[in-house]
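I opened this model to look up a few residues, some helix pairs and the core. My notes follow in the order I took them.

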Amino acid sequence: MIGFEELCLALTIVTLFLVVVSVPTLALTVRNSSKQLKRYLLLRSLDNIGDAPLHIQREWDNIRSTIGYTTAVVDEIERLGGIKPMVFQIQIATVLLAILLIADWLGNYMTDEVAIVMIVLFVICLLSVRYGNININRHLEEYGKVLKQLEDNGDGSNMYG
């Protein structure tokens, strides 16, 4: 027969797995998207790259073309859109952590050290959801502005033929 402590242990393991997998991936993806946006804007603003390495010259040529730039921006938008399930996983982990902390408060099945770790993970989950949502929306807004500028300049009018 499964007891209350075994159930709480199983929920703890699932929650820890969700936090360990989702939070770092979210942070790295948002950080990389921010770096990529800055890189695209910098490469797009340069008139000549001079003696840059060959791979940077090729990337500069792709970014300078409207179709290449639009494709790169749309790819970043799709990558950021793929983060939504990860944010949802972190929200689930936050709810599970809250349930576990309430269960511990009622039943006192965790040691104080484990409860402190759970509280820290709870705070990390709340902050990462907030960080993720703010940065995802900000980046999507920036990428939307970039696409709007391309459209207003008439650069993307012949993109599809």
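Predicted model: local features only at pLDDT ≥ 70, side-chain atom pairs only at ≥ 80, totals over all residues.

**Entry: Phe-17**

Is Phe-17 buried or exposed? I found a relative accessible area of 57%. Exposed means over 50%, so Phe-17 counts as exposed. I placed Phe-17 in helix H1. I then looked up its distance to Ala-93, which lies 76 residues away in sequence. In space, the two C-alpha atoms are 8.9 Å apart.

**Entry: Val-19 and the core**

Next I looked up the largest nonpolar core, and I noted 37 residues in it. Which residues touch the most other members? I wrote down Val-19, Leu-26, Tyr-69, Ile-83 and Ile-136.

I followed up on Val-19. I left aside its neighbours within four places in sequence. Val-19 is then in contact with Pro-24, Ala-93, Leu-97, Leu-121 and Cys-125.

**Entry: H1 against H5**

I turned to helix pairs. How do H1 and H5 lie relative to each other? The axis of helix H1 (residues 4-45) comes within 10 Å of the H5 axis. I noted a crossing angle of roughly 30°. Angles under 35 degrees count as roughly parallel, so I logged H1 and H5 as roughly parallel to each other. I recorded the passage of H1 by H5 as a left-handed crossing. I also noted the classes of residue in the contact of H1 with H5: 17 are nonpolar, 8 are polar and 3 are charged.

**Entry: H3 against H5**

I looked up H3 and H5 next. Their axes come within 10 Å and cross at roughly 160°. Angles over 145 degrees count as roughly antiparallel, so I put H3 down as roughly antiparallel to H5. I noted that the crossing of H3 and H5 is left-handed.

Which residues make the contact? From H3 I listed Thr-66, Tyr-69, Thr-70, Val-73, Val-74, Glu-76, Ile-77 and Leu-80. From H5 I listed Ile-136, His-139, Leu-140, Tyr-143, Val-146, Leu-147 and Leu-150. By class, the contact of H3 with H5 has 11 nonpolar, 3 polar and 1 charged residues.

**Entry: H2 against H3**

I then checked helix H2 (residues 54-64) with helix H3 (residues 66-81). Their axes come within 4 Å and cross at roughly 95°. The range for roughly perpendicular is 65 to 115 degrees, so I logged H2 and H3 as roughly perpendicular to each other. On the H2 side, I found Asn-62, Ile-63 and Arg-64 in the contact. On the H3 side, I found Thr-66, Gly-68, Tyr-69 and Ala-72. I noted 3 nonpolar, 3 polar and 1 charged residues in the contact of H2 with H3.

**Entry: Leu-41**

I went back to H1 for Leu-41, which is found in that helix. How exposed is Leu-41? I read 38% relative accessibility, so Leu-41 counts as partly exposed. Not counting residues up to four places away in sequence, Leu-41 touches Tyr-69 and Val-146. I also looked up Thr-111, which is 70 residues from Leu-41 in sequence. Their C-alpha atoms are 51 Å apart in space.

I finished with two residues of H5. I placed Leu-127 in helix H5 (residues 112-152). Its relative accessible area is 55%, so I logged Leu-127 as exposed. I checked Leu-127 with Leu-100: 27 residues separate them in sequence, and 19 Å separates them in space, C-alpha to C-alpha.

Lys-148 is in helix H5 too. I noted 43% relative accessibility, so Lys-148 counts as partly exposed. Lys-148 and Arg-79 are 69 residues apart along the chain, and their C-alpha atoms are separated by 19 Å.

Notes:
Residues numbered from 1 in each chain as written. Heavy atoms only, no water. Buried < 20%, exposed > 50% of the residue type's maximum accessible area, 1.4 Å probe, protein only. Axes fitted to C-alpha atoms, helices over the stretch in contact; angles between N-to-C directions. Left-handed = near helix turned anticlockwise from the far one by under 90°. Nonpolar A, V, L, I, M, F, W, Y, C, P; charged D, E, K, R; others polar. Contact = heavy atoms within 4.5 Å. Core = buried A, V, L, I, M, F, W, Y, C linked by side-chain atoms within 4.5 Å.
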